[in-house]
Amino acid sequence: MSKHAKVVFLAAALLFLGACGGGGGQVAGTGGMGGTGVQVVSNGVMTRGSVIVNGVRYEDTTASISIDDTPKIAANLQDGMVVSVRGSIDDSGRNGTAQQVNAIIEVRGLVTSKDAVTIPQRFVVFGQTVIVDDLTVYSDITFASIVENTTIVEVHGLRDAEGNIRATRVEARQISLPDGTGMANPLVDEIRGVVSGGAGGPNPATFNLGGQPVIAVAGVEIVGGPYQDGSVVEVHCVRISGCIVNGVFQASRIEVEDGSNLPGNGVRFEAEGLVSILTPVPLPGDPPSALTFNVAGVPVSASTSTRYEGGIYSDMRNDIRVEAEGTWNGNVLVANKIEFKRSVIRLQGAVLANPAPTASTFTLQIGDPAVARNVLIERDVFTQGGVPAVGLSCVQVRGQRKAGGGFVVTAGEINTNCSNGGDHALQAPIDAKADPELTLLDFTVNVSGAEFHDLNDNVVTDRAVFFGLISAADPTALPPIAGTLVRVRFDSNNLSVVSEVELED
C-alpha cells in the first residue's frame, strides 16, 4: 500500500463506526434514542456485564441488538466485540441504558496464511492482515490451532494506520450455542473496508478492499446508496457458491455505510480506537497544545484544556489505543477527555540483560539492584528505538503493560538518551496501597521518606493526606476501576530509597 493510499485509508477507514450497514435509523439528539439522562453514542470494544463500553455499564434488557446488521439477543454480545451503543447515561457517568447496540465485523472467511514468527503474530483473511496480541479474545480457537486454508474465522477489531485489523475478538464457532457464542452468519463470507481502485464513476464493478480485489457479480444487491473510492462498504458472498474466483472476491451484496447514524450536534460522543493522522506529533516534554487526529476513523479535535487520563499529552502517538470523549459538533468530536485504554507506563533504569543483539526483549532494572524490580521489555514491529546494549546505566521506556499482570511492558518507544537525568523512575497505575507502601507493576515500594506532589506539582507535606488522594485498582468492579497514575522516583545516591512520588494525569 502506498503512503498516499495509507493516508486515504486512514482518513476514511471505518469512518462512522456506529453506522449500521446501509444507514437508516434514528439520529442521536432527534428524539430517537429514548431513556433518561444524557443522550450518548459510544463506540468501542465491549465486555459483558450487561454491555460495558468505554467505562460505562449499559443495561441492555430493552435494547434493539444486532451483530453485523443481523437481529440478535443480548446473550449474543460477547467480550471483545466492537460495538456502537446509543442510549442514555446517568449523572454518575458510569451507568447507562442502551436503546440500540450494533456489533460490527471486519472480516469473515478462510485463513489463507499465518505468521507465528513476526511479533505480534498475524494471519490473513481475504487480503486483510489480522494482528493478534495479548488483548485478543479467542472463541473456540487459539492462534496455534489456526490451520491455513482450513480454518474459517470471524474477526472483530480496530484498524491501524496501515489498514491492518488489530483483532479484539476471533470467533471460530460456526453454530450458535446457548451461551451466545457463534458467528453472526456462518454461511456468508464478508469483508468490511474502504473502497479503492474503483473506476468508471459510482458503483464500479471492480475495486479493492485492502489487498483483496472485489467484483460486483451480475445482479448484485446494493444497499444504502451508491459507492465509490473512499466509501466504507461491506461486501458479502454466500460461501457455498464459491467466493474467490481467480483471486477475486465475488460480491453478491454490497452494503454502503453512509454515516447517517452519527450523533446530532451537541450530543455526547465517545469513540474508542487507534489514533491516526495525528497532527502535530508531540515530543517528550512538550506542553499541551491543540491536536487533530482520527479515532477509528472519527475526526477528533483536542485543545489545551482537554484532560488526559492514563497518560499525558506527550504520550499521544499514532496507533495508540485511546478513548476520545466529548461532543459532536457536526464535523468533529470535540474532546474534553482523552483516555489511554492501556495506561502508559514510563520507566527509567539500567539495562540488566539482553538475550541477543537481535532480541525482541530486554530486562530493565528499576531501583535497588538488591531488590528484584526487573521489568521485561518487549518490542514489536511498532516500537520506536532499538534494543539497547547490556550495561547502559540509563534507558527510558514508554509503553503499555501487557495484559495478565506481572513485570512485562510492551514498549512503544525506547530512548537511550536520559535528558532528564539518570534517576531510576517508574510511572504506572497503583495496583494496591497500604500506607506507607504502594504497589505498581506488581512491585511494592516503601515511600515513607519520599516527598509527595499533587497533580499541580504542589508539595503535600502529610503522607496520610497524599494516600487519601490516591486509589488502588479494582478490576472486579463493573465497570472496572483503574488505579491512580503516579510517578515514583528513586534517590540517585541510594537506589533503595524512594525520593519522590508525584500524581500524574
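Reader: Okay, is C243 buried or exposed?

Author: C243 is buried, with a relative accessible area of 6%. Buried means under 20% relative accessible area, exposed over 50%, and partly exposed in between (1.4 Å probe, protein chains only). This is a predicted model, where local features need pLDDT of at least 70, side-chain atom pairs count only at pLDDT 80 or more, and totals for chains, interfaces and linings use all residues. Residues are numbered from 1 along each chain as its sequence is written, and side-chain values use heavy atoms, with hydrogens and water left out.

Reader: Which cysteine does C243 form a disulfide with?

Author: With C237, and the sulfur atoms are 2.3 Å apart. A disulfide here is a pair of cysteine sulfur atoms within 2.5 Å. C237 counts as buried too, at 2% relative accessibility.

Reader: How many disulfides are there in the whole structure?

Author: Two. The other one joins C394 to C418, S to S 2.0 Å. Its torsion about the S-S bond is about -105 degrees, so that disulfide is left-handed.

Reader: And C418, buried or exposed?

Author: C418 counts as buried, at 16% relative accessibility.

Reader: New topic: what's the mean pLDDT of the chain?

Author: It's 87, and 90% of the residues reach 70 or more. pLDDT is the predictor's confidence in each residue, from 0 to 100.

Reader: Where does pLDDT stay under 50?

Author: Over residues 1–35. Where pLDDT is low, the predicted coordinates should not be read in detail.

Technical notes. Contact means heavy atoms within 4.5 Å.
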